[in-house]
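I opened the notebook today to look at a ligand site and some strand pairing. Here is what I looked up, entry by entry.

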Amino acid sequence: MNRQQLDGLREAFGEALQEDVSLGPYTSIRIGGPADVLLEVRSIEELRRACVELWKREIDFRVLGGGSNVLISDAGIRGVVVLNKAREVWFHEDDRGSRVRAGSGAMLGSVARRSAERGLGGLEWAATIPGTVGGAVVGNAGAHGGCMADSLIVAEILQHGDGVESWTADELNYAYRSSRLKTDPGRGVVLSASLKLARSAVETCKRKVQEFAASRERTQPSGASMGSMFKNPTGDYAGRLIDTAGLKGKRFGAAVISEKHGNFFINEGGGTAADMKALIDLARERVAEVHGVQLELEVELVGDWSTAG
Ligand code: EPU
């Protein structure tokens, strides 16, 4: 981004724009170097306007939601990061059934819990998922037997330029933790999503949420992490493979493989992206040696990694 482009952005966005902002605090792992520019949007309309302006000015950007599935390099991100706080939520019930439409910056877990409190079931699986609706749409987030592919009715996708298209789960080409938007990020930006719900008893919905939360607490660590680091390979579990390769407790600096669950990598405080990356590489190498399996990252490596060791 050149000076003229930056001046233009300052003029267009005023106080919503901050420069040279450390991204660690915007991620669940609390790691990440600076963004040249951070642009905060607080509604679906602000998100749309920001993307359209940036495309028009030919300035590179990436949308950051809950920062729960990304490892941002220590060097940070050149260009603009759009911090998505488009958190509108609308519940609809009519003769076609029940659904919730949420801005892509709404936290998925919060949408799921609010639905349960109204006696609207079907999204309980998502109540403990960190991250935003937009991130979940892109990554086909899932837990406890549910996933976005099963819950999504339609997502509104802003197209390069300014058109908005409605994509169904089929059109998103969903696969395990993947979608057309994940494999081809240039396809568009998620503005909102409508998710299926079903009328149920409030107590039933809340009990399911509590059971899933208890199961998560039992099996997953509470420290700063990115959730599951690797996808489960077909027919096996990344956590089991890492565990039985003897990798639990391995560390570089403050980055450590959880003793509770092998597929969770924790930042104990002050960890760097380079340390985390070294741990990822170690886990991949050892699991390949011991089990002959190539683990595939579930989290996305983001930013400038050219200076990383
Ligand atoms: N296991 C071990 N050692 C470990 C960890 C797990 O042997 O250190 C074994 C467990 O005993 C179990 C199996 O591996 O037999 C699977 O473990 P778990 O039930 O904890 O589920 P997971 O496959 O590791 C998946 C999702 C999670 C989701 C949970 C609960 C993936 C990669 N992970 O975990 O999603 O919360 O199921 O539904 O699909 C995420 O995607 O970020 C995430 C947290």
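Predicted model: local features only at pLDDT ≥ 70, side-chain atom pairs only at ≥ 80, totals over all residues.

**Entry 1: around the ligand**

I began with the neighbours of the ligand. The shell holds 20 residues, and those that come nearest are His-144, Tyr-176, Asn-232, Gly-262 and Glu-298. Sorting the shell by class, I got 9 polar, 6 charged and 5 nonpolar residues.

Next I checked distances to oxygen atoms of the ligand. Tyr-176 uses a polar side-chain atom instead, 2.8 Å from a ligand oxygen. Gln-220 also brings a polar side-chain atom, at 3.0 Å from an oxygen atom of the ligand.

How much of the ligand's accessible area does the protein cover? I found 73% of the 830 Å² that the ligand has on its own.

I then asked which elements give two or more residues to the shell. They are strand E9 (142-143) and helix H8 (238-244). H8 gives the most, with 3 residues.

**Entry 2: strand E13**

I moved on to strand E13, residues 189-199. Is E13 largely enclosed or open? In E13, 8 of the 11 residues are buried, so the strand is largely enclosed by the rest of the structure.

I listed its pairings one at a time:

- Strand E7 (residues 97-103) pairs with E13 over 6 bridges in the antiparallel sense; here Ala-102 has Ala-193 of E13 as its bridge partner.
- Strand E11 (residues 152-158) is also antiparallel to E13, over 6 bridges, and Leu-152 is bridged to Leu-195 in E13.
- Strand E8 (residues 120-121) runs antiparallel to E13 with 2 bridges, and Gly-121 has Ala-198 of E13 as its bridge partner.

A reminder to myself while viewing these: side chains in a regular strand alternate between the two faces of the sheet.

**Entry 3: the open sheet**

Last, I traced a sheet of 4 strands. It is open, with the order E1-E2-E5-E3 and mixed pairing. Which strands are at the edges? Strand E1 (17-22) and strand E3 (61-64) are the edge strands, as each pairs on one side only. On average, neighbouring strands of this sheet are turned by 35° against each other, direction ignored.

E1 and strand E2 (residues 34-41) run antiparallel and are joined by 5 bridges. I noted Gln-18, whose bridge partner in E2 is Leu-38.

Notes: Residues numbered from 1 in each chain as written. Heavy atoms only, no water. Near = heavy atom within 4 Å. Polar contact = N/O pair within 3.5 Å; in protein donor to acceptor, adjacent residues only side chain to side chain. Areas by Shrake-Rupley, 256 points an atom, 1.4 Å probe, with all protein chains shown as cover. Nonpolar A, V, L, I, M, F, W, Y, C, P; charged D, E, K, R; others polar. Buried < 20%, exposed > 50% of the residue type's maximum accessible area, 1.4 Å probe, protein only. Pairing = 2+ DSSP bridges. Axes fitted to C-alpha atoms, helices over the stretch in contact; angles between N-to-C directions.
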